[in-house]
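The following exercises concern a protein model and are each followed by a worked solution. Please study the sequence and the structure before reading on.

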Amino acid sequence: MPYTQVTRAQLRGLLRNRLGNAAATFWRDDELNTSAIQPALRLFNLLTGFWKRRALFNTVAGQVWYPLPSSITSNLRVSWRDFPLSPSSFYDLDFGRPIWESETTVSGGDVPTQPKVYSIGALNLIAIWPADAAGSNSLIVDGIAATPILSTDASFVDIGQEELSGLLDCAQMLAVFKESGKELTEALEVFKKFLKSAGERNSILLASSTYHKFLGLDTLRQKKPYKLEGERLGAR
Amino acid sequence: MSWTLLTTPPTWNVTDQELLKRLCYHLLENGNADASTSPSTAMFSQSQWLAALNQRQQKFLRDTACVVARATQASTPQVARYALPGDWIHTRRITWGSIG
């Protein structure tokens, strides 16, 4: 059930409070909706996978590739008749089983009698192996849902109040992009707070080296430099 | 010889109108009004806005391959070269197999 605690108008009011007294004239309502709030929601969803959706297909006899609905932007888990499939890569499939696309559940030999593996072709495409020879079985994809669009001021933000602070951090940084200069530089610290709150929700993000580097947490490299500063050839 | 497209591109919920408005606001081209969904200002014509968006979108798709299309065509005996579809950015993977 979606959250119905904060509307877009209320969220914009909270953002204006953060942006200061000049906000009412410097940023238009539509501008904050379009350039700060909606992109912040998208970024939050991208980093945390907060909104999730399940899609159900019927398999088609012998079909290997399945396009995903646009309500799912990235898939996380695939199951066939409630049996979870293992993720694999095209590299493994192509080099491990060169004719995997031609194999179905009735191929015999060492080919399994039900789909066992799925592979991600792109954001919009998955493949299963082996293909379901009979078809008309359920294929369930759990994935990250497309970010909700707040179309009116009365639209509720489908998010709990515990996430609002981080979301407003991100929206604030996006809004002050317009000001640039010192304001934008200082807002980067606010943006780091948003990234930290996103990392608390998504442990995969915490394991990312890019994330650590951006937050200034990658101190090991600084402590143990591979090369000394000013190092030159010849006698020292 | 012609290609048959096997997948239709997805339609996600980021619209060109949303991106145009954001561009307009970030570049301070909205003046004293809400940004238009089809902006045409003294500095940028509408075709320039769209060209910038399209160019960036194509580069993004080329660099990330986040959306992939599949196309097939029957091979022709003794023919070694096949022209790709006109809207092809980059070939990711090719397979050959018998049908039926």
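**Exercise 1.** Determine the strand order of the open sheet of four strands in chain A, and identify its edge strands.

*Solution.* Step 1: in this predicted model, the order of the open sheet in chain A is 3-8-7-6, with mixed pairing. Here strands are DSSP runs (E, at least two residues), as helices are DSSP runs (H or I, at least four), both numbered from the N terminus; two strands pair if DSSP finds at least two bridges between them. Step 2: strand 3 (65-67) and strand 6 (86-88) of chain A each pair on one side only and are therefore the edge strands. Step 3: strands 3 and 8 (residues 125-129) of chain A run antiparallel and are joined by three bridges. Within this pairing, Trp65(A) has Ala127(A) as its bridge partner.

Residues are numbered from 1 along each chain as its sequence is written, and chains are lettered from A and ligands numbered from 1 in the order in which they are written. Local features need pLDDT of at least 70, side-chain atom pairs count only at pLDDT 80 or more, totals for chains, interfaces and linings use all residues, and side-chain values use heavy atoms, with hydrogens and water left out.

**Exercise 2.** Describe the peptide bond between Trp129(A) and Pro130(A), and locate Pro130(A).

*Solution.* Step 1: the bond is cis, with omega about -10 degrees. Step 2: Pro130(A) belongs to the loop between strand 8 and strand 9 (138-145) of chain A.

**Exercise 3.** State how many residues of each chain take part in the contact, and how many salt bridges are counted between chain B and chain A.

*Solution.* Step 1: with contact meaning heavy atoms within 4.5 Å, chain B contributes 24 residues and chain A contributes 27 residues. Step 2: six salt bridges are counted between chain B and chain A. One salt bridge pairs Arg42(A) with Glu18(B), at 2.7 Å from N to O.

Technical notes. A salt bridge is a side-chain nitrogen of Lys or Arg within 4 Å of a carboxyl oxygen of Asp or Glu.
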